[in-house]
Amino acid sequence: MTAGLTAQVLDPRTEPEPADWAGFVRAERLHLPWEYRLMGIESRAATHPTLLALVRDDERIVAAFAVMLRRGRLGLRWLEVHQPWMAGFPGWVFAAGLDPAGRRRAVAAFERAACRYAGPACVGLLYKHVPADQPLVTGRGRPSRETVASAVLPNRFTSVQDWIGSLRRKRRSSVRGHLRRVAADPDLVVRFEPQRYDLDAVQLADRLYRHRATFGSLRYDSRSPVCAEYLAAVVGRPDVHTITYHDRAGRLLAFGILLDHPTMPFFQHWAALRPDDGGRRDLYFDAYARAVGRIIELDREAMAVGRGMVELKIALGCTAQPRLVVVAPRPLAGLAGLA
């Protein structure tokens, strides 16, 4: 890599997609939320837009960052580096083969460009979901702390029953009970398919909003609710598998979205009515088991299941991947990994 890296910050709401971005997404096998059109849809509906920062070596993209511009009191600004709908994943991606030194230089170029873009009132950057074993953005003068871990299920199974058999005895018994009750419910209609054109995206967005509201707002969560336009653009794709639970009257009780990927599909969204509102208690476990079955069928290496409920996910066979939040004050921007 040459020393002459250049970085640019793009606003997907208003600026055209770079001609070489789609090729980078394909070549580096990025997850669906990195698609520029989807970033634009999400940002246009969000209180805080997500920008795309690209770092190039000559004309070739070597790194990309998803960065949310935040505004606070007294006109102060800061930048949050994370991909909003990839919870647990870092907000950056690098070209294959880029060595650690090259990554550090790419981060430094990004930080300088992002702070310039945010203006003189920018106080620095906040990195979310930083892998604890990749100290790329840490360093002297950059405080960090451990946050909620990300959960990943390695796929070592030949069938759903094989997965269930790998669990501890008590959990194994409870999962089997959940699945039996769902299978025996005559009032349930279950579908798990790609390219769902039969769904009302407004209803999906409302279910997701209400589901999250039952848990209260998460600390440091600056994301806006998922908008209907975004969900409509996602669930109609052939690489997105949506599971739905309706009652016989057609009422949507729960849904989940599995984003396919060549190695690690992501069980991205889950929303369900509370039992007090007519929902069912067993549906999450049934959906989880069906997602496991799908990654076995697709022969994927693992499945990411996001953050939160980590103890439960570990009990369901996941491994916990520690994550950090890192603060980079503006005076240290451009010195990532070097301070």
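Predicted model: local features only at pLDDT ≥ 70, side-chain atom pairs only at ≥ 80, totals over all residues.
1. **Two packed helices.** Two packed helices are described by the angle between their axes and the distance between the axes. The crossing of H6 past H7 is right-handed.

2. **What sits between them.** Which residues make the contact of H6 and H7? From H6 come Ala-201, Val-202, Leu-204 and Ala-205, while H7 brings Ala-228, Leu-231, Ala-232 and Val-235. Sorted by class, the contact of H6 with H7 has eight nonpolar residues, with no polar and no charged ones.

3. Is Arg-237 buried or exposed? With a relative accessible area of 16%, Arg-237 is buried, because buried means under 20%. Its side chain makes a polar contact with the side chain of Glu-35, at 2.9 Å. Setting aside neighbours within four places in sequence, Arg-237 is in contact with Leu-32, Glu-35, Pro-194 and Gln-195.

4. **Two backbone angles to look at.** Most residues other than glycine have a negative phi. Arg-29 has a positive phi of about 55 degrees, although it is not a glycine. His-129, also not a glycine, has a positive phi of about 55 degrees.

5. **Where those two residues sit.** Look for Arg-29 in the loop between helix H1 (21-27) and helix H2 (36-45); its relative accessible area of 44% makes it partly exposed. His-129 belongs to strand S6, residues 122-131, and counts as buried at 9% relative accessibility.

6. Finally, turn to Leu-332, in the segment after strand S13 (319-329). How many residues apart in sequence are Leu-332 and Gly-141? They are 191 residues apart in sequence, yet their C-alpha atoms are 7.5 Å apart in space. Beyond its neighbours within four places in sequence, Leu-332 is in contact with Gly-141 and also with Glu-111, Arg-140 and Arg-142.

Conventions: Residues numbered from 1 in each chain as written. Heavy atoms only, no water. Left-handed = near helix turned anticlockwise from the far one by under 90°. Helix = DSSP H or I, 4+ residues; strand = E, 2+ residues; numbered from the N terminus. Contact = heavy atoms within 4.5 Å. Nonpolar A, V, L, I, M, F, W, Y, C, P; charged D, E, K, R; others polar. Buried < 20%, exposed > 50% of the residue type's maximum accessible area, 1.4 Å probe, protein only. Polar contact = N/O pair within 3.5 Å; in protein donor to acceptor, adjacent residues only side chain to side chain.
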